[in-house]
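Please look over the sequence and the fold shown below.

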Amino acid sequence: MELFAVSQPGLEEVTAQELKELGIEGKVVPGGVEFEGNLREIYLTNLWLRSANRVLLRLCRFKAKHFAELVRKAAKCRWEDYVTEKLPIKVRATSKHSKLYHTKAIEERVLRAIKERLGFEPKTAKYEDEGTSVIVRFENDVCTISVNTSGAPLHKRGYRVCEVEAPLRENLAAATVLISGWRGEVPLIDPFCGSGTIPIEATLIAGNVPPGRNRKFAFMEWRNFDGNLWRELLTEADEKRKEVTVPILGFDIDPQAVECSVKNASKAGVSDFVQFKNLSFPEIYHEKAVIVTNPPYGVRLPARQTEALYSRLSDWAARHFKEVEIYFLSPNRKLAKRVGETAELLTYFSNGGITVGLYRVAYISGKTYQEVTE
Ligand SMILES: C[S@@+](CC[C@H](N)C(=O)[O-])C[C@H]1O[C@@H](n2cnc3c(N)ncnc32)[C@H](O)[C@@H]1O
C-alpha cells in the first residue's frame, strides 16, 4: 500500500528520521513523507510517530475531467475495507488547476460512488475525527483519494486534560525535542512549561514510550482490523521501555500552568519521571543540561518585556549550567538573538498560525561555543 505520513511543513525530515528508526525508508516531499507498507506499517507508524499529524493510505489515483468520470472511476476503489454500514464517513475535497473545482460537488460524487460500489448509503460524519475520513485531492485533473488511518490527529495523545494559554501541540513539542538530539542523557529543563507539553513529550521519548499507546485509531474500526497484530506491536513496545534516569523539569510563573502540567503528566502516566514547580528562573545548578522551551512570543506581552525575558533566559542558563544547549522557539531572529548573538536557526514551522523558528544557542562556562573555540 502507498502510505503518507503528514507532517507540519518544516518538520518533514524529523518524521522521515522517525520512520527510519522504525525500519521504514520514506521519500520526503513538501508536507510529509511517502512510504510503502502493509497493515503492520500502518499500525506501527500510528503507534510510534511523534512528529507526524496523520498517516494516510492512498486508496486510488486516476484522471477525471467530468463528474460522470469521477463517479465511475471512484466506484472502482476498494471502499469495502474502510467503509461499513455502521461507520460514519466524512469526505473532504480540495482542487487545484483542475476542470473539477467545485469541492462540495466532488465530495457529493465520491459519496455517490461509494454507494454505487457498496450498495448502501454511507452515514456521514460531521467531523473528521469520527469514523472514516476520506481526503480527495484534485491537482491538474488527477484525483488522489486517501483514507485517514489515524482518525483524530496524532497530536491528540489523550493525556492533555488541562490547558493554559498558547499550548504547543504535542507533535510539535516532540519534534523540538527530537531535533535537539536529546534522548535522556542529561537533565532536560523547560523554564516556560505552560501545560507541560515539552517535558511530558521528553519523558515519553526518554522512556521509549510510544505516544499512541493509549488512544484509539480509525484503523481499529475497519473490517480488516487485525487485533492480534495490534496487540503484538503493543507488547513489543512495552518490552522496549527504558528507565528515565535524569531529571526532567518544568517551571512556570503561573501556578495554574503548573497544576495543569501535573494533571497532564499524571494522565500520561509519567508523573514519576517529571517534576513541575511554580518557579521563575529557579536557583538550580547542573553540570550539563539541555533546555527545550517555548517562551511567550510577545503576542500578549509588550515587545520590550518579551525581549527582556529572552535575555534573561540566556543569562540564567549561562550562570546555572556549566554546559548547556538551549533550543527555543522564537517568532523572529531579533528576539532569538537576545538568547545569544550566535543563535542558529534549525527549522521553522507554523504554531497556531504564527510562523516560529526553532533556534539553538550553546554555552560552556558562560561563553558560547563560538567564543570558546575562537
Ligand atoms: C507559550 S507558553 C508555553 C506553552 C507550553 N509550551 C505548552 O505547551 O503549554 C509560555 C509560558 O511562559 C510562562 N511565563 C511567562 N513569563 C514567565 C517567567 N518570567 N517565568 C516563568 N514562566 C513564565 C507563562 O505563564 C506561559 O505558561
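## The ligand shell

By class, the shell around the ligand holds 14 nonpolar, 5 polar and 2 charged residues, where Ala, Val, Leu, Ile, Met, Phe, Trp, Tyr, Cys and Pro count as nonpolar, Asp, Glu, Lys and Arg as charged, and the others, Gly among them, as polar. Of these 21 residues around the ligand, Phe 192, Gly 194, Ser 195, Thr 197 and Ser 280 come nearest, a residue being near a molecule if its C-beta atom, placed from the backbone, lies within 6 Å of it.

## Basis of the model

This is a predicted model, in which local features need pLDDT of at least 70 and side-chain atom pairs count only at pLDDT 80 or more, whereas totals for chains, interfaces and linings use all residues. Residues are numbered from 1 along each chain as its sequence is written.

Helix H2 (residues 39–48) is mostly covered, with 8 of its 10 residues buried; helices (H or I, at least four residues) and strands (E, at least two) are DSSP runs, numbered from the N terminus. A residue is buried if 20 or more other C-beta atoms lie within 10 Å of its own, exposed if 12 or fewer, and partly exposed in between, with C-beta atoms placed from the backbone. The buried residues of H2 are Glu 41, Ile 42, Tyr 43, Leu 44, Thr 45, Asn 46, Leu 47 and Trp 48, and what covers them includes strand S1 (2–7), helix H1 (12–21), strand S4 (52–63) and helix H7 (227–239).

The axes of H2 and H7 come within 10 Å and cross at roughly 45 degrees, axes being lines fitted to C-alpha atoms, for helices over the stretch in contact, and angles running from 0 to 180 degrees between N-to-C directions. That angle makes H2 oblique to H7, since angles under 35 degrees count as roughly parallel, over 145 as roughly antiparallel, 65 to 115 as roughly perpendicular and the rest as oblique. Leu 39, Arg 40, Tyr 43, Leu 44 and Leu 47 of H2 make the contact with Leu 229, Trp 230, Leu 233 and Ala 237 of H7, two residues being in contact if their C-beta atoms, placed from the backbone, lie within 7 Å. By class, this contact of H2 with H7 has 8 nonpolar, no polar and 1 charged residues.

## Helices H3 and H4, with Leu 118

Helix H3 (residues 67–74) and H4 have axes that come within 8 Å and cross at roughly 40 degrees, which makes H3 oblique to H4. The contact is made by Phe 67, Leu 70, Val 71 and Ala 74 of H3 and by Ala 105, Ile 106, Arg 109, Val 110, Arg 112, Ala 113 and Glu 116 of H4; the residues of this contact divide into 8 nonpolar, no polar and 3 charged.

Leu 118 also has its place in helix H4 (residues 103–118). Why is Leu 118 classed as partly exposed? Leu 118 has 15 other C-beta atoms within 10 Å. Not counting residues up to four places away in sequence, Leu 118 touches Trp 79, Glu 80 and Val 83.

## Pro 331

Pro 331 lies in the loop between strand S12 (321–330) and helix H10 (333–336), and this proline is partly exposed, with 17 other C-beta atoms within 10 Å. Pro 331 touches Tyr 297, Ile 354, Thr 355 and Val 356, not counting residues up to four places away in sequence.
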